[in-house]
Each structure stands twice: as C-alpha cells, then as structure tokens.
Amino acid sequence: MLSLRWRRIVIKVGSALISPTANGCSTRYLLSIARFISECRAIGVEVVLVSSGSVAAGKSAIAFAHQPLPINIKQAMAAVGQTEMMATWSHLFDFRCAQILLTHDDFANRRRYLNIDNTLRTLLTNQVLPIINENDTVATAELKVGDNDNLAAMVAILVDADALIICSDIDGLYSANPKTTINAEFIPLVEKINADIYAMAGASHHTIGTGGMVTKLQAAEKATRQGVDTLIINGQQAVNFDRLLAGQVTGTLFQRQQDRLSAKKHWLLHSITSTGSIVLDNGAANALQQKGASLLAKGILNSTGQFDKGDAVWLCNENGVQLAKGISQYSAIELQLIKGQHSQDIARILGFCPSEVVVHRDDIALS
Ligand SMILES: Nc1ncnc2c1ncn2[C@@H]1O[C@H](COP(=O)(O)OP(=O)(O)O)[C@@H](O)[C@H]1O
Ligand SMILES: N[C@@H](CCC(=O)OP(=O)(O)O)C(=O)O
C-alpha cells in the first residue's frame, strides 16, 4: 500500500534477510528489496534504509562456539560484517549509498541529533541512499539502542518519514509466534498497540535476529505515536513488494495515531520549552508565514536570550509577536555574528557552517 501521501519512507531489513545462514551476506532476499527501493525512488518517494546483518554476516569470520555471544565477540563480528553488508547493498544499486553508524547517544545529544538530521537531509537532497545501522563495533551495552527495530523507528521520526516498513522473515504479527504455535492467527491491522497486542509477541525463533516481535511492536508504538504508519512485512517474498507498489496492503499495518505534521507541530509548540527568541525582518516573517520557507541569517534582525544549537526558540516579528517556534541550528552567540549576513558568508565569519539555514522549514511550527 504505497500510499500517494508517502513522500519519505524508512525501510528496515532484518538480519535473517541479509545473512540467512549467518555466513556472509546473501543477495537471495535483498534483490527484490533493492528493486523495491529503486522503484520507490523512481516515483519520487525518498528512502532511508536501516539495515541489520553486520553481526550475522561477520559471524563465520570470528571463532566462537557458544551462545550468548559476549559483546567483544559481537563487536568483532560486526566490524567484519558491516563492510560486507554495505558492499552487498551497494552492488545492487546504480546510485550511490552512504553508510551511517549511530548509537543511542547520537539521539540523546541535541547537537549530534541535529548533525545527523542535516547529514540525512543533504544525502536525500543529493539522491544518495542512506544506509543506517547501529555502531555495534564501538557502542557498549549502555550506549546502544540495542535493536534495529527501535533504531528504525527513531530514524523514521528523525527524518519525518510518512511510513516505516519493517521487513522480516515473517508475514507480520500473529496472535502468537507461528514458528512455535500452530493455529496462531494472522493480524492484518492493528489500530492501537496495547497490552493485549504486546501479549501476542514473543522472542525470535533463531539466534540471528535480535528482538523478535517485541522490539517490532515497540518500534511500531514509537513510530505510530508520532504519526508514522508502520508495516511489518515478509521480506522473503518478492510479491509483497509488488503488492506495495500496486498500492495493496500486505503484512500487518499499524495505524498512525495522529497526523505526522501535527505530531511534530505539537511537540515543537507544547513539549519543548524555548530559551530565547529570534527577531525576523518583514521579508523573512512573510516568507515563513506565507511560503513555509526556512529562516536564513539574512532575514534575522536580532536574537534575545541564551540558547544553544539544537534549542527551541520563538521566531518573532519586528513587533515582538511570536509567529512560530523552531529549532535553531546556531547558538545565540553565533547568531549575533551572522545575523543579517548571506548564508555563503557564514563559514568565513564563524570558521564553520553546519547549516545554510538558521532554522529549517521542517523544524518550524507556526503559532
Ligand atoms: N506474535 C508473533 N508474530 C510473528 N512473529 C513472532 C511473534 N512472536 C515472536 N515472533 C518471532 O519473531 C521473529 C522475527 O523477529 P526477528 O527474528 O528478530 O527478525 P528480524 O531479524 O527481521 O528483526 C519471527 O520469525 C518469529 O520467530
Ligand atoms: N546492529 C545489529 C542488528 C541488531 C538487530 O536488531 O538485528 P535484527 O533483529 O535482525 O534486526 C547488526 O547489524 O547485526
């Protein structure tokens, strides 16, 4: 059900699809996923790929016979498997791919969060496919998101995706693990994730995958709460991707709980406090209100209060009226130096230029 509304999607691919035998990477299931990604891009849907598989793919390179694998062994396996996984994906596309390795810390730290956001925006604008995985080689247990289902949901929220498609080795959610329970019933639609739904979820039936159905439900809950439709589909069956492209529902659909844009707008306006204000000239105020434009340094008259890069600020007109709230890409001190200047002069003035805009239009909520 590739909805016409979807302009950006995150696709998460599980280990069992990338390394079905835990011995290097296989293109067996990836070919149809790669074709789906290419078709999506061809019809103008932006795609971010979250790919598991580094540990599974690197498993056979590191000698260790027992379960559970200690963290240092997993890290060594991931170091081997990550390059193989990236190489396998890259060979399947006739466009460029970019590797992004993240840890939980990157989401918790506002500056790093903004940096990832800016990098992803730039990659998508340049038609590069971002391929994201957890940075398993360096992340210690306490720094880890821990599984790529939750990571994919966090990425989907970060990039303002319309949908998250979790590709696994199972058709979707069943009333119990169908690999261990006969007569488990398939659930095509979940309108709201509650305790009854969680009670259906079990662990993975094999040691290649990480979270089983539990982490998929956590991911779906996170994403749908922020307005991201979430699907769990069987990535082993190419027909599922044809169905999606034909606009048909396949797998289990978890319905978004609210409109994505109003979720973000609500978060900006009501959930984060602003520590300062930016005063806009009339041109910038108009562009913001009438055209939904980003805020450039050129249109800034002044700023008040103390704020850092990544903080929420009020965007006011010359009379001090609060027009909107947004996330500033620059601190109050930096803004004093670049206000009224052309974007191309920011690097010369500050010695660095993390962003050409001061507040990106995706990070602005009009009052
Ligand atoms: N209620 C359920 N419905 C479907 N699958 C379930 C359920 N409970 C547990 N599972 C297990 O979850 C597995 C998928 O999770 P996992 O192996 O972690 O996949 P991936 O590597 O794609 O993340 C299924 O193969 C199945 O063994
Ligand atoms: N970052 C790990 C993936 C962990 C994970 O969540 O795996 P999976 O349950 O197969 O999606 C890896 O690349 O091996």
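User: Which residues does Thr215 touch, not counting residues up to four places away in sequence?

Analyst: Contact means heavy atoms within 4.5 Å, and on that basis Thr215 touches Asp147, Asp149 and Asn150, leaving aside residues up to four places away in sequence. This is a predicted model, in which local features need pLDDT of at least 70 and side-chain atom pairs count only at pLDDT 80 or more, while totals for chains, interfaces and linings use all residues. Residues are numbered from 1 along each chain as its sequence is written, chains are lettered from A and ligands numbered from 1 in the order in which they are written, and side-chain values use heavy atoms, with hydrogens and water left out.

User: Is Thr215 buried or exposed?

Analyst: Buried means under 20% relative accessible area, exposed over 50%, and partly exposed in between, with a 1.4 Å probe and protein chains only; Thr215, at 10% relative accessibility, therefore counts as buried.

User: And what does Ser168 touch, by that reading of contact?

Analyst: Not counting residues up to four places away in sequence, Ser168 touches Leu17, Lys216, Ile233, Asn234, Gly235 and Gln236, and Ser168 is buried as well, with a relative accessible area of 11%.

User: Which residues come nearest to ligand 1?

Analyst: A residue is near a molecule if one of its heavy atoms lies within 4 Å of it; of the 28 residues around ligand 1, Ser168, Asp169, Ser204, His205 and Lys216 come nearest.
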